[in-house]
Amino acid sequence: MGTDHKKVFSFAEVSSHNNPKDCWVIVNAKVYNVTNFLTDHPGGEEVLLAHVGKDASEEFEDAGHGSVARLMLDEFYVGEIDQSSTMPTKKAHIATPKQPRDNEEKSPDNITNLLRLLVPVGVCVVAVVGIHLYT
Ligand code: HEM
């Protein structure tokens with residue numbers, strides 16, 4: 001009854017608020033809607049936009065925010081992050097493109113790589129045969 005004002009969001013839900021018109025960030029497991037603060041942020045809107053829909057805890061601490069900034073957080077508080085959701089730890093949520101690597105393996109570039117290996121091997125074979133012929 002008493003806690004119905006406290007909303008819990010999954011990481012996926014926070015991630016969907018990821019643009020300048022709807023910008024949420026996570027700081028220390030709490031979710032903040034900083035949309036109206038973007039242009040007022042003393043550190044610039046770019047840094048906030050760079051962390052929309054993501055966990056900005058580390059960056060928030062690294063920026064050396066003082067008590068004023070910490071008090072301001074309350075103003076933008078919208079809820080808690082569901083720790084059991086797919087909340088990534090630290091920077092693990094930065095996507096690493098795996099797809100192109102798979103494609104590379106199937107691409108004709110592989111043939112070029114094979115040729116690069118075969119040419120020196122061929123040269124060695126010719127050299128060995130030559131040495132045998134002349135000795
Ligand atoms: C999420 C809510 C945030 C609030 C309410 C907030 C608030 C503030 C405030 C009030 C300041 C002025 C200095 C101070 O009082 O500490 C400030 C400075 C700064 N903030 Fe934030 N900030 C937030 C998030 C972030 C994030 C996520 C980053 C970085 C990724 C960031 C980077 C900075 C930087 C670099 C400064 C220093 C600007 C300077 O001194 O030139 N802030 N912020």
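## Terms and model

Two strands pair if DSSP finds at least two bridges between them. Helices (H or I, at least four residues) and strands (E, at least two) are DSSP runs, numbered from the N terminus.

This is a predicted model, in which local features need pLDDT of at least 70, side-chain atom pairs count only at pLDDT 80 or more, and totals for chains, interfaces and linings use all residues. Residues are numbered from 1 along each chain as its sequence is written.

## Overall layout

The protein chain holds 6 helices and 5 strands. Read from the N terminus, the order is β-α-β-β-β-α-α-α-β-α-α.

Of its 135 residues, 14% count as buried. A residue is buried if 20 or more other C-beta atoms lie within 10 Å of its own, with C-beta atoms placed from the backbone. Contacts in the protein chain with a separation of 6 or more were also sorted: 72% of them join residues 24 or more positions apart. Two residues are in contact if their C-beta atoms, placed from the backbone, lie within 7 Å.

## The paired strands

Start with β3 (residues 22–27) and β4 (residues 30–33). They pair in the antiparallel sense over 4 bridges. Val-25 stands opposite Tyr-32 in β4. The two strands form a hairpin, with 2 residues between them. Asn-28, in the turn, has a positive phi of about 50°.

β4 also meets β5 (residues 77–81). These strands run antiparallel, joined by 3 bridges. Val-31 faces Gly-79 in β5, and Tyr-32 has Tyr-77 as its bridge partner there.

Phe-9 has Ile-81 of β5 as its bridge partner.

## Around the ligand

The ligand is surrounded by 20 residues. A residue counts as near a molecule if its C-beta atom, placed from the backbone, lies within 6 Å of it. The closest are Gly-43, Ala-56, Glu-59, Ala-63 and Ala-69.

Which elements each supply at least two residues of this shell? They are β3, α2 (45–49), α3 (57–62) and α4 (67–76). α4 gives the most, with 4 residues.

By type, the shell has 14 nonpolar residues, 5 polar and 1 charged. Ala, Val, Leu, Ile, Met, Phe, Trp, Tyr, Cys and Pro count as nonpolar, Asp, Glu, Lys and Arg as charged, and the others, Gly among them, as polar.

Notes. A residue is buried if 20 or more other C-beta atoms lie within 10 Å of its own, exposed if 12 or fewer, and partly exposed in between; C-beta atoms are placed from the backbone.
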